[in-house]
Amino acid sequence: MQIAVVGAGAVGCYYGGLLLRAGHDVTFIGRQPHVDAINAHGLLLDTKTFNGRLPAIAATDATALAPPDLVLVCVKSADTEQAGRALAGRLRPETSVLSLQNGVDNAPRLATVTGHAVIPVVVYVGSEMAGPGHVRHHGGGDLAIGPSAASQALAQTLEAAGVRTTIADDIDKTLWSKLIINCAFNALSAVAGISYGPILEVEGTRNVVTSAVQEAVSVARASGVSIGDDLLAHILNIPAIMPNQMSSTAQDLARGKPSEIDFLNGYVVRKGAELGIATPTNHAMQVMVKLAERGKAMSARRT
Ligand SMILES: NC(=O)C1=CN([C@@H]2O[C@H](COP(=O)(O)OP(=O)(O)OC[C@H]3O[C@@H](n4cnc5c(N)ncnc54)[C@H](OP(=O)(O)O)[C@@H]3O)[C@@H](O)[C@H]2O)C=CC1
Ligand SMILES: CC(C)(CO)C(=O)C(=O)O
């Protein structure tokens, strides 16, 4: 299968790498250092069970791309429109486009700019770029893909490449459940520079997390998404399940990269405003992260 990965980063190189290893023809669209490293030495796929270089083709834009059968869009949420616009004219009607991104609105935003149907995917992986063209897998890897006429065949392709894949009948619920987890912990982990393990030990955190979750659940339900009553208990147990996890927002801040906070707590705030639901805790979390980003940028300019 001809596959294009748009966003040769932690997620794109991990899933693209597994598909490459399974024999597919994968082209990685990414930034110059990764593109140069992949073209020169192959993609270095570094997982617990496989560590090796896989010959691959990479490019900094999609202009040279032959129309693919499958596109995995794996850019951060702020880059969705730009990535989508770059695909214009390169998609055949039968091309499947998957959005492997956090947040709940990337697939519709991508569909708007490409004029093509986009299947949302919830990604349960921990991976990072350890260097140019070098993806390191830390754990997990399951995908939940939205239902579509192509989803069964796509799930089979992914399974054959070693990716445990389910088709989520209620993909909105699955997307929102992940979003609400992100709303609970990402900002706190980022602003404090703390992993999840000790987060609830600090007095008051449990109340703040509960409030953020309750607001987000209210917004989800008012948007027509049926979130169960058990989600809060699950979320409060996450620090015990992944004590060493730093949120992706914390990792973005540490790297001096813009975070996705406007598409996590920020999305709940925007949607809440539309629906007349107050979201002060999510708003405070969004603002704290924006301030921390600003602080980082200012100190980087001073050095
Ligand atoms: N990493 C993880 O473990 C997980 C990530 N996710 C989600 O997956 C999505 C992707 O995250 P992740 O892989 O970590 O992000 P990365 O930043 O590692 O990868 C995205 C890459 O795409 C590049 N890029 C952005 N726009 C374009 C473009 N138009 N053309 C070519 N390259 C582009 C980025 O460059 P630059 O940085 O220069 O902009 C970056 O190198 C996010 O929504 C994230 O929340 C979900 C679960 C786990
Ligand atoms: C670690 C996890 C699953 C929860 O916050 C995540 O998705 C993130 O950090 O963005």
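How much of the chain over residues 3-148 is helix and how much is strand, and how far apart are the end C-alpha atoms? In this predicted model, the stretch is 26% helix and 37% strand, and its end C-alpha atoms lie 18 Å apart. UniProt, in an unreviewed entry, lists residues 3-148 as "domain: Ketopantoate reductase N-terminal".

**Shell around ligand 1**

- There are 26 residues around ligand 1, and those that come nearest are Gly 7, Gly 9, Val 11, Gln 101 and Asn 102.
- At least two residues of this shell are supplied by each of helix H1 (10-21), helix H3 (80-86) and strand E8 (119-131), and it is E8 that gives the largest share, with five residues.
- Sorted by class, the shell around ligand 1 holds eleven nonpolar and eleven polar residues, together with four charged ones.

**Packing of H7 and H8**

- Helix H7, which spans residues 205-222, and helix H8, which spans residues 231-241, have axes that come within 11 Å and cross at roughly 140°, so the two helices H7 and H8 are oblique to each other.
- The crossing of H7 and H8 is right-handed, and the contact is made on the H7 side by Arg 206, Val 209, Thr 210, Val 213 and Val 217, and on the H8 side by Leu 231, Leu 232, Ile 235 and Leu 236.
- By class, the residues in the contact of H7 with H8 comprise seven nonpolar, one polar and one charged.

Notes
Residues numbered from 1 in each chain as written. Chains lettered and ligands numbered in written order. Predicted model: local features only at pLDDT ≥ 70, side-chain atom pairs only at ≥ 80, totals over all residues. UniProt positions renumbered as here; feature names shortened; annotations may be inferred. Helix = DSSP H or I, 4+ residues; strand = E, 2+ residues; numbered from the N terminus. Near = placed C-beta within 6 Å. Nonpolar A, V, L, I, M, F, W, Y, C, P; charged D, E, K, R; others polar. Axes fitted to C-alpha atoms, helices over the stretch in contact; angles between N-to-C directions. Parallel < 35°, antiparallel > 145°, perpendicular 65-115°, else oblique. Left-handed = near helix turned anticlockwise from the far one by under 90°. Contact = placed C-beta atoms within 7 Å.
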